[in-house]
2 protein chains.
Amino acid sequence: MLALTELERIKRYRSYTPGQVIASTGEEPSVVGSLVEGVAHISTLLPDGRRQMVGLLLPSDFVGRPGRSRIDYDIVAATPVTICTFRKPDFERLLASNPAIERRLLDMTLDELDAARDWMTLLGRKSARERVASLVLMIARRDAALNGEEPTEGQHVPLRLTRQAIADYLGLTIETVSRQFSALARDALVAHGSQRTLEILDLSGLMTAAGEAV
Amino acid sequence: MLALTELERIKRYRSYTPGQVIASTGEEPSVVGSLVEGVAHISTLLPDGRRQMVGLLLPSDFVGRPGRSRIDYDIVAATPVTICTFRKPDFERLLASNPAIERRLLDMTLDELDAARDWMTLLGRKSARERVASLVLMIARRDAALNGEEPTEGQHVPLRLTRQAIADYLGLTIETVSRQFSALARDALVAHGSQRTLEILDLSGLMTAAGEAV
DNA sequence: CGGGGGGTTGATTGAATTCAATTACCGTGG
DNA sequence: CCACGGTAATTGAATTCAATCAACCCCCCG
């Protein structure tokens, strides 16, 4: 691909420490690029401090908005993060000269839209128990998919999120999240592992608890 | 633009009556195109019948998913709807030959993603009162924007949605929606007009009630 | 050894749902 | 034109689920 060398020439790497703000509401985002390593949170903040996470950025995800000057959410590094960035004009030029990249970007955005809509159903209609079970399943699926596998009983699921991040993601409080994890363990659907990891004991039970068809 | 005549040649019109299903979960969507007239709802359904609306299609919105074979939500006409459609292969060919259309599609999808994320904040963190007030403001803004205006006190806002549709949109029950409308009227923020219309009495009060900064 | 962040658990409160009854609205046909 | 039937909407009372307020634990790190 012709663009690759061009791309090599204009790319730069930036690193962020956990908690560091990558972009914030109202700003013109300074970076456009691709997340190479780590996890970042996309969240919105109501005037009184309530926070809702509206997206998760993982390696290979695109960061920033082509063709838009202002964003309405915050992007914060949750772990050490490395982003491969381009300056905006360079990137715009690259886009214009290479329709395939734009096509890829459209596909990724459509996937994000689907994910956002799934999440809307969770936030609008699911109970606390269903939300927590759904999150466990989502992470288990994503992890299994990395190796081209399906989630299985016995699978160890690393959450990689604090209780506060989980609560902000699920639209709950940390106390409720904690209670629901305990309840899922009490019902023998999952077992607590060490440090933010848990084990799936009953997959179909977990799916039922998540409000999915089994 | 060269593509216009080509476009004219391959387009077809389809009409739907209120309540008619335009596309449904699991299907390969038969239509790709642009909504010309009317309102359609995008919603997801949990196995036990709970429904969440995840999007609204209005004139000029794009319907369908380029490059994806299966959708995970239902699209239903809420009013009489007309869609300008293309057959998939025709449309794919058009896309390939005309990068500008793809760019436009990307922009529209990014806007939809922003809207979905706003809605996630509403669903995850706002109270019933805030949700109802937010909806009224959203519709008032959209209506005012059609004439290039801002929402004003005295403005008559046509909701054009049944209580059930509002409830499915806001992640509430119809009873709660009804109570909150009554409460907003009791507090003199809005006044009931006839048949699914209401009048804004106190704009900044309504914004406060919606959880926005004033 | 002390302190602090993250996490769990308990008691209480409160907001929204559920269950139930009533009223308003609208098109149809007598 | 009005009575009728059905759907949509409102209102009330009881219940439920999650938030809030508060105490405590655990473990790691200084």
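Let me start at the DNA. Of the 16 residues around DNA strand D, the nearest are Ser127(A), Thr176(A), Arg163(B), Ser178(B) and Ser182(B). Near a strand here means that the C-beta atom of the residue, placed from the backbone, lies within 6 Å of it.

Before going on, the conventions. This is a predicted model, in which local features need pLDDT of at least 70, side-chain atom pairs count only at pLDDT 80 or more, and totals for chains, interfaces and linings use all residues. Residues are numbered from 1 along each chain as its sequence is written, and chains are lettered from A and ligands numbered from 1 in the order in which they are written.

Helix H6 (174-186) of chain A, together with H5 and helix H6 (174-186) of chain B, each give two or more residues to the surface near DNA strand D. Helices (H or I, at least four residues) and strands (E, at least two) are DSSP runs, numbered from the N terminus. The most comes from H6(B), with six residues. By class, this surface near DNA strand D has four nonpolar, seven polar and five charged residues. For the classes, Ala, Val, Leu, Ile, Met, Phe, Trp, Tyr, Cys and Pro are nonpolar, Asp, Glu, Lys and Arg are charged, and the others, Gly among them, are polar.

Now DNA strand C. It is surrounded by 17 residues, of which Arg163(A), Ser178(A), Ser182(A), Ser127(B) and Thr176(B) are the closest. At least two residues each of the surface near DNA strand C come from helix H5 (163-170) and H6 of chain A and from H6 of chain B. H6(A) gives the most to that surface, with six residues. The surface near DNA strand C counts four nonpolar, eight polar and five charged residues.

Next, how are chains A and B related? A rotation of 180° with 0.0 Å of shift along its axis superposes chain B on chain A, with an RMSD of 0.1 Å. That is the relation of a two-fold axis. The superposition is by least squares on the C-alpha atoms of residues with pLDDT of at least 70 in both copies.

The contact between the chains takes 35 residues from chain B and 35 residues from chain A. Two residues are in contact if their C-beta atoms, placed from the backbone, lie within 7 Å. On the side of chain B that touches chain A, strand S5 (51-57) and helix H3 (99-125) of chain B each supply at least two residues. H3(B) gives the most to that side, with 19 residues. By class, that side of chain B has 14 nonpolar, nine polar and twelve charged residues.

Chain B also has an open sheet of four strands in the order S2-S7-S4-S5, with antiparallel pairing. Strands pair if DSSP finds at least two bridges between them. The edge strands are S2 (21-23) and S5 of chain B, each pairing on one side only. Inside the sheet, S4 (residues 40-45) and S7 (residues 74-77) of chain B pair over four bridges, and Ser43(B) stands opposite Asp74(B) in S7(B).

Finally, domains, with bounds from an automatic or database domain assignment. Chain A has domain 1 (3-101) and domain 2 (126-209), and the C-alpha centres of the two lie 28 Å apart. Their contact takes seven residues from domain 1 of chain A and five residues from domain 2 of chain A.
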